[in-house]
Amino acid sequence: MIGPEPPRVSIEGFEGPLELLLELVEERKLDILTVRLGDLADGYLARVRALAELPAEEVAAFLAVASRLVLLKARSLLPSLEPVAEEDEGASEEELRARLLEYATVRGRASLLGDRLRAGERAFHREGGTVELPPRGGDTSALAAAWAKVLALAARPKEEDLVAPAERYSVEQRTEEIEALVAEHETLSFATLLGERPTLGYAIVTFIALLDLYRRIVIDIDQDELFGEITIRRKAGS
Amino acid sequence: MTPLARAIQAVLFVAEKPVSRGELVKITGSTPRAVEAALGELGAVAEDTGLRLAHEGDDWQLITAPEYASYVAAYLGADRLRLSSAALETLAVVAYKQPATRAEVEAIRGVNCDQTFYTLMQRRLIEERGRREAPGRPILYGTTWEFLECFGLTSLDELPRVLTLPETGEAGLRPVEAAGPTRPEQL
């Protein structure tokens, strides 16, 4: 429902006729309940004359109230004046007074709300993302088992300590190898593919080859638990 | 504190959005009446902490106590909300009369309120609350949780009451606010 920002209309410090009227009452230290609103007609008109710059529809709102005030003034000057028969209820002094009272209440409430805002005593609530629960199977024994594997790996001689010819692996070549293996055996484990002592480069190329085969729907990949063995299964029909 | 009140406190502590009483009943497996009592207990206990228990209708949330806003704001780097007096007037009408239509607000303020509604909607201080079953089915507006938070209120019952009319002569003291704000209509 939020459209483009409509232009803001506020000239001479008064937003609307009620605000102007209330301002007049307050300036003269009058009581809304007892003031004869007709008495405000002159002061009101003087202010409205200064609002000549307002757009027509805004002026209309001010003038509607002005005409009512003038009518009330005329009545008070000529008490014998009979109310016009078809005059609608909205033109009575009490109706205008009621509106003014209601507006004064709103202003009072608004200023209290404004005080609270300025005092800055606001509240805050918790913000942030949903609590991340650990993935399924993330139990401590799985973590311990994984750690044991890492320790076992670390116990092996480091790759750089081995004097080995420079390795060259190609993903394409490894993919072909695995594809052939899968055609032969229906299921394989990742550990089998890596062999006894894989180098880091060999492991990476093997893993990428698997992902590629999975993408081409040649194989299916399963891992039952966290850090557990990865099973490669030939996809039916491939 | 009863175990139920503690359980509810724990749930509300991690909740990022208000939790309904019905949800609390379901989570704790208790009766609505017991949950109601526990919430009352929790609200009283919270008074002694930096938190408050806030509710809007049947939705409950733990919020920070308004007195310590400056510290929390310093930690969060939050900006202070500023509103024009026109926006505050419109907000006052919606807050105390909710749900209210735009036409009702304009009738009371005597001016066009498009701009202020736009501002208040954008700041998420007011929101649409369905439509009134009247000619034209006008949209109803009510205040939001953000409104309660921004003004440090724990519920709409805490809206400040106007007891005096500002500078209207000797007979200034007048119980304008006889009744509290009207409860939001059930939609």
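## Helix H5 of chain A

Helices (H or I, at least four residues) and strands (E, at least two) are DSSP runs, numbered from the N terminus. The expected span of a helix is 1.5 Å times one less than its number of residues. Helix H5 of chain A (residues 140–155) has 16 residues and reaches 22 Å from its first C-alpha to its last, close to the 22 Å expected at 1.5 Å a residue.

The count of buried residues in H5(A) is zero, and the helix is hardly covered. A residue is buried if 20 or more other C-beta atoms lie within 10 Å of its own, exposed if 12 or fewer, and partly exposed in between, with C-beta atoms placed from the backbone.

## Model and confidence

This is a predicted model, in which local features need pLDDT of at least 70 and side-chain atom pairs count only at pLDDT 80 or more, while totals for chains, interfaces and linings use all residues. Residues are numbered from 1 along each chain as its sequence is written, and chains are lettered from A and ligands numbered from 1 in the order in which they are written.

The model scores ipTM 0.70 and pTM 0.59. pLDDT is the predictor's confidence in each residue, from 0 to 100. Its mean is 76 for chain A, where 76% of the residues reach 70 or more. For chain B the mean is 84, and 87% of the residues reach 70 or more. In chain A, pLDDT stays under 50 over residues 1–12, for which the model has 19 contacts beyond four places in sequence. In chain B, pLDDT stays under 50 over residues 164–187, for which the model has 44 such contacts beyond four places in sequence. Two residues are in contact if their C-beta atoms, placed from the backbone, lie within 7 Å. Where pLDDT is low, the predicted coordinates should not be read in detail.

## Layout of chain A

Chain A has eight helices and three strands, in the sequence pattern α-α-α-α-α-α-β-α-α-β-β. Of its 238 residues, 21% count as buried. Among the contacts in chain A with a separation of 6 or more, 67% join residues 24 or more positions apart.

Helix H1(A) (residues 17–27) has eight of its 11 residues buried, so it is largely enclosed by the rest of the structure. The buried residues of H1(A) are Pro17(A), Leu18(A), Glu19(A), Leu20(A), Leu21(A), Leu22(A), Leu24(A) and Val25(A). Their cover includes helix H2 (41–49), helix H3 (56–77) and helix H4 (93–119) of chain A, together with helix H6 (102–109) of chain B. After H1(A) comes Lys29(A), with a positive phi near 55°.

## Strands

The three strands of an open sheet in chain A have the order E1-E3-E2, with antiparallel pairing. Strand E1 (187–189) and strand E2 (219–223) of chain A stand at the edges with a single partner strand each, so one side of each is left without a neighbour in the sheet. Two strands pair if DSSP finds at least two bridges between them. E1(A) pairs with strand E3 (residues 230–234) of chain A over three bridges in the antiparallel sense, and Leu188(A) stands opposite Ile232(A) in E3(A).

In chain B, strand E2 (residues 51–56) and strand E3 (residues 59–64) pair in the antiparallel sense over six bridges. Arg52(B) stands opposite Ile63(B) in E3(B). E2(B) and E3(B) form a hairpin with two residues between them, and Gly57(B) in the turn has a positive phi of about 60°.

## Nonpolar cores

A nonpolar core is a set of buried Ala, Val, Leu, Ile, Met, Phe, Trp, Tyr and Cys residues joined through C-beta atoms within 7 Å. The largest has 69 residues, of which Leu21(A), Tyr44(A), Ile8(B), Leu91(B) and Ala92(B) touch the most other members. Helix H5 of chain B (residues 85–97) gives the most to this core, with nine residues. Another core, of nine residues, lies apart from it and includes Leu193(A), Ala209(A), Leu210(A) and Ile219(A).

## Contact between the chains

The contact takes 48 residues from chain B and 42 residues from chain A. On the side of chain B that touches chain A, H5(B) gives the largest share, eight residues.

Ser85(B) is found in helix H5 of chain B. With 15 C-beta neighbours inside 10 Å, Ser85(B) counts as partly exposed. Leaving aside neighbours within four places in sequence, Ser85(B) is in contact with Ala110(A) and Gly114(A).
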